[in-house]
Each structure stands twice: as C-alpha cells, then as structure tokens.
Amino acid sequence: MQFHHYGYVSGDPRVQPAAGVGVDRPSDLPDEVDVLVVGSGPAGMLLAAQLSQYPDVVARVIERRDGRLVLGQADGIQPRSVETFQAFGFAERIIAEAYNIGYMNFWGPDPADPRKIIRTSRTEDYGFKISEFPHLIVNQARVLDYFAEAAAIGPGRITPDYGIEFVGLTVHETGEHPVEVRVRYVAGERAGEERTVHAKYVVGSDGARSRVREAIGRKHLGGISAHAWGVMDVIVNTDFPDWRTKCAINSEAGNILHIPREGGYLSRMYIDLGEVAEDDNHEVRKTPIEAIIAKANEILHPYVIDVRQVAWSSVYEVGHRVTDHFDDRAEGSDASPRVFLTGDACHTHSAKAGQGMNVSMQDGFNLGWKLGSVVTGLAPESLLATYSAERQPVAQQLIDFDREWSSLMARKPEEISDPQELATFYLGTAEFPSGFMTQYEPSMITGDATYQELATGFPVGKRFKSSEVSLVCDGNVAHLGHLARADGRWRIYAFADAPGAGEDSALTSWAEWMSSSPESPLARFTPEGADADAVFDVKVVYQQPHDELDVTRAPEVFRPKNGPFAVMNWEKVFAAGPSYWCRTDIFEERGISREGAVVVVRPDGYVAHVLPLSATGELAEFFAGSMLAR
C-alpha cells in the first residue's frame, strides 16, 4: 500500500483525504445530484464505494430502511467477488471473519437401507483450484458494511441517506438534470414529507420488486417453478458428522443444501418442501418454521438436529426472471440512457447457486466507473449504453445455469442414475459460478482478439487473472492484479521484450511514445495539472530476475513523479524472473510472448485489449474511441 506522496500520514492510511463534494458534504439530500442510487444493497453500496473515488461527482444513495441492514439473506461469496473486495481494499479483513468453503460433500440414500442417508462423495471445493482467492460464506450485512466503510473513507465521503423511499420518476428530454425523482421520508422528524430531486442519472438497486423498474416500464420476464424451499439460519446441536462442511443431501424424503456460516456455530439450510400445487396461491410461503425443522430431520435420518436458535427463516418458490432491458433507452434509440437497473431489480433466481449478491456486485462494478467517467468528462455519454449490452447477457447465462443447478438439486432418488452426477456438475462448471466465465464482446471498451496469441493467459473480455511478480526496487513479491484498486483508472501493463532496463528495445520505443507523443493516451486524456498516472496506471514487467535490473534505468513513464512534492513512484517496475521468494514466471504462467506485449485492463478489472509493443497507433485509436480529449 502506498501513501505519504501527498505528505506524511500518521493516521489510518486507508482513509483518503476528503476532496471535492466530500469536503463539507451536506447532510441533507441536495435538490440536484449527478447520480442518485436507489437502494443500499450489494450493487448500490458498491456503486457508492466506486463513486466516492470521483469526488467531483455529486452522488447520493437513498434507502427506505432507517439504518444499516442487520440480517442479510445472501451469504455466498464467490472468488471473483473476493477479487473485487481486494480492489476495494478489504479482502483480507473479510476473509478473516468469513467461513472458507474447503470441501463440498454429497449424501444420498444408503443402498442397504434407503430410509437412511450415507456420504457418497467428498470433493474439494473449486475455490483455490481456479483462483488464489477462496470461496466464502459471510453475511450480506457485513459485505454492505465493508462497502459502506469504503464509500465513507473515499474522497467523496458518501454515506447512505436512510429513511427515504423512492416514489416515482419522470425523464425529461432536456435539462442538465433531466431525471425528476419523487421521494418520501419514512423515518425521523420528516416522516411523510415528499420532495423532488433532479438527477443526471438514476440507478435502481432496489430489489426484485423494484419501483424504479416499474417507473421506466421495464418488465421482469420469466416465472416461478412449481417447487418450494424453506431456508433457515440456525444454531443447533447435532450428530450429523458433516455439519461444518458444505453438503448436498438427497434422500427419499427430499433434499437439503447445507452451508456452514461464519462464526463456527451458525449454519444455513435450504430444505426441499416439494412440489407446489397449481392452485396453491403461494400458501406454501406460510409454512411454519416448526414444519421446516421437522422436514429437515426427516431428510437427515438417521441423524438429528436439535435447533437451539433460528436467527432467520423464510420460504420461497424458485423463480427465474430477467428484465427485458437494463436501462431506460428505447429500442433503436441513439439517446443516452438516464436510468439503470442493477442486481435483483433486473435478474432474480434461486439462492442455491450462490450467485445473487455476486452478480449484483459485478453489475455495480461495471456501471460505477462508467458513470464516474462520463460525469467527470473523461468519456462520452455513449459509454453508458455498454452497461446493458454487457450485463444483460451475463444475467441470462446466470438464469440458464441456475435453472439447471436447481433442477438437479430438486431431483428424487429414483430420478438419479449416477450418484456422482451432482458432484461432477458442481466441479465441472466451477468457473461459471466463480465469476470467471464472463467474457465481454468487442465494443468501444473491449477490443478484438487479433493479437491474443501474445498473451494467451489474458483472454480479451475476461477478467485479468493475477500472477506473482517481484518488485525491482526491493525484491518483494506481489500479485500484479492485487495492486489495482477500484479507483476508476485504466491499467496498462507493458511486458518487456528480452533486453533489460535501460537497453534499446521495443519496450523503450513504446515507452518513449507513451511519454512524448501527442497521440499517446497519457497526453490526450490526462487532465491538465493532474498527476501523470491520474487516469492511466502504467506498469512494466521485465523478463529478468529483479536483482539483474536497476529500477532507475527504467523509462520515465514507469517512474512518474506525483503529488505536490513531485516524488518518484518506485513501485511500477516489476521482474518476472524466478527468485527465492517468487517461484513463478508470469510470462510462462500467462502465455506472454517473449517478444513483449501490452495488456490493457479496464477499471473494473476486465482485459480490454492485447497488443504488440509496436502497435502504438492501434493503442491510440482504441482509447480515442471511448475517451474524451482533455
């Protein structure tokens, strides 16, 4: 972590200095805002944390509740989400308090006595198999707390405006703040008071019954399956041996998905309540908790759970819905969208695949930097149309996956021909639920794969998969991707050809162009007076071991001087060569050409382009298509 470049810091270095609207931020909701976020769920709070990095953007979050969420319903955290937590600076802390899913065990009827269940397989979880980050369980409320902290300590000092509900909106064709939003105070001294707020953009992060979705005329497409599940967070005494291991349990009496929770004592159980009659009219949702517990014991036979406390419970019918469009733009219109939908407001599904909170956060990550870039004048409004274009296909893929997974989970024993089928599906499809299969199509912010062979381990359109490198300045090992913070900046990684630092090479020619050419993105798009790396974080990785390199001989573009003291940044020059501490070579691990390559990564962590060091014109053209000259 770097600090002190703006002066000596003696306090918590995570707390960034307030700037822009974060200085003397008004306590009351302003009459005019740049971005109004409705709802403080996972997508809404990630948006708050991201927009807090744009202190010139007036962003507010309204929430109907009168305070923070106390008990969240979502709890599964996939490795891609932990990567995202790393970008926001709290991965290590949330990992420390979360439950780490190391294994998933599968149980089925005992062939000798089908009334009883036995363990049929024990599988390692997919988390560490495909990522350096784990697969976690932690209460949604704690995830929101961490994002709330990130928003509050960012330069914009964003905190939710609690006790205010969304009533409706009207989008006008003209005006600097064309979205007229009607809100109502529902708590405190002003309860019952209504007022109007004018916004440039509105984001509906207000859940499955989204009023924002209704206000812009978007429709939730899909339906509810004829199957019900009870879910409960419980503290129990039990003789079931796998109580602290994630389990899928299939018996003649039904099915259970069992997930241990953080803290060592709490667990979540999804209990199969069976098929629902067509004329049930949602009566199954009134199933008492006593009946759900009894059903759980019936499925677990011969084992027993003695429930000592129910922290939370509910009954739901599996639904699979995707909204017809994720913004308010009319079909075929060239107008820029003004209202956006995220999370459950635009996609709902079963909870058993552990995707709701995870996909919602990626919605927010995708949209947040785009709004920040447009409002601050770094990018054209046309950038905002890429949100729905990119995230709607992801939501549909999620629905398709969840429909298959929930159907497998709900089968009866006689419908299962292979006892290992569920375990095979769970492990065989791991990259999708982990969040690593998302691949954005070519667009103004994602290039084509013409030069993909130069870096086969960084597929264009997929998230940047980190690898270890060594800092040349001190030899310490760092995960290259972990150094990228959710600060709205683009990352440009230059992978050097064979010569070392200071020697003539394709890299030094590229670096000279980046530093001095008027066509360089640094020259064209960095605001006047801003730090050299305010918009683009440019790093280099050499092929040699760190002790064969001299950081002071690296081109100046990799040694920018920042802050009021113009102090050189020593931590943008890396070595790939193996050392005592770094046992991997990123060139080998990620299939990077020894002739060198340039990998461009978006602010949300997705690979935007792979180019040769010689393709400076193509690099300039790429950024010219998505950014506005200073």
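Predicted model: local features only at pLDDT ≥ 70, side-chain atom pairs only at ≥ 80, totals over all residues.
Trainee: Why is Asp-242 called buried, and Arg-119 partly exposed?

Mentor: Buried means under 20% relative accessible area, and exposed means over 50%. Asp-242 has 3%, so Asp-242 is buried. Arg-119 has 32%, which falls in between, so Arg-119 is partly exposed.

Trainee: Which parts does the salt bridge of Glu-381 and Arg-338 tie together?

Mentor: The closest N and O atoms of Glu-381 and Arg-338 are 3.1 Å apart. Glu-381 sits in the loop between helix 8 (356-375) and helix 9 (385-409), and Arg-338 in the loop between strand 16 (305-323) and strand 17 (339-341), so the bridge links parts 43 residues apart in sequence. Arg-338 is buried at 17%. Glu-381 is partly exposed at 31%.

Trainee: How do you know that Asp-585 is buried?

Mentor: Its relative accessibility is 13%. The limit is under 20%, so Asp-585 qualifies. Its salt-bridge partner is Arg-594, with the closest N and O atoms 3.1 Å apart. Arg-594 is partly exposed, at 32%.

Trainee: How many salt bridges does the structure hold?

Mentor: The structure holds 45. Some are linked in a network, which includes Asp-487, Arg-489, Asp-533 and Lys-572.

Trainee: What makes the contact of Glu-262 with Asn-139 a polar one?

Mentor: A pair of N or O atoms must lie within 3.5 Å, one able to donate a hydrogen and the other to accept it. The side chain of Glu-262 reaches the backbone nitrogen of Asn-139 at 3.2 Å. Glu-262 is buried, with 16% relative accessible area, and is found in the loop between strand 14 (254-260) and strand 15 (266-275). Glu-262 touches Tyr-99 and Ile-137, among others.

Trainee: Where do Tyr-99 and Ile-137 pair?

Mentor: Ile-137, in strand 7, is the bridge partner of Tyr-99. Two bridges join strand 4 to strand 7 (residues 136-137), and these strands run antiparallel. Pairing needs at least two bridges, so strands 4 and 7 count as paired.

Trainee: Why are strands 3 and 4 called edge strands?

Mentor: The open sheet of three strands has the order 3-7-4. Strand 3 (76-77) and strand 4 (99-100) each have a single partner strand, so one side of each has no neighbour in the sheet.

Trainee: Which residues have the most contacts inside the largest nonpolar core?

Mentor: Among them are Phe-147, Leu-371, Trp-490, Phe-536 and Phe-623, in a core of 111 residues. Helix 8 gives the largest share, eight residues. Phe-536 touches Trp-490, Phe-623 and Met-627, among others. A second, separate core of 24 residues includes Trp-243 and Ile-271.

Note on methods
Residues numbered from 1 in each chain as written. Heavy atoms only, no water. Helix = DSSP H or I, 4+ residues; strand = E, 2+ residues; numbered from the N terminus. Salt bridge = Lys/Arg side-chain N within 4 Å of Asp/Glu carboxyl O. Buried < 20%, exposed > 50% of the residue type's maximum accessible area, 1.4 Å probe, protein only. Contact = heavy atoms within 4.5 Å. Core = buried A, V, L, I, M, F, W, Y, C linked by side-chain atoms within 4.5 Å. Lists of a residue's contacts leave out its neighbours within four places in sequence.
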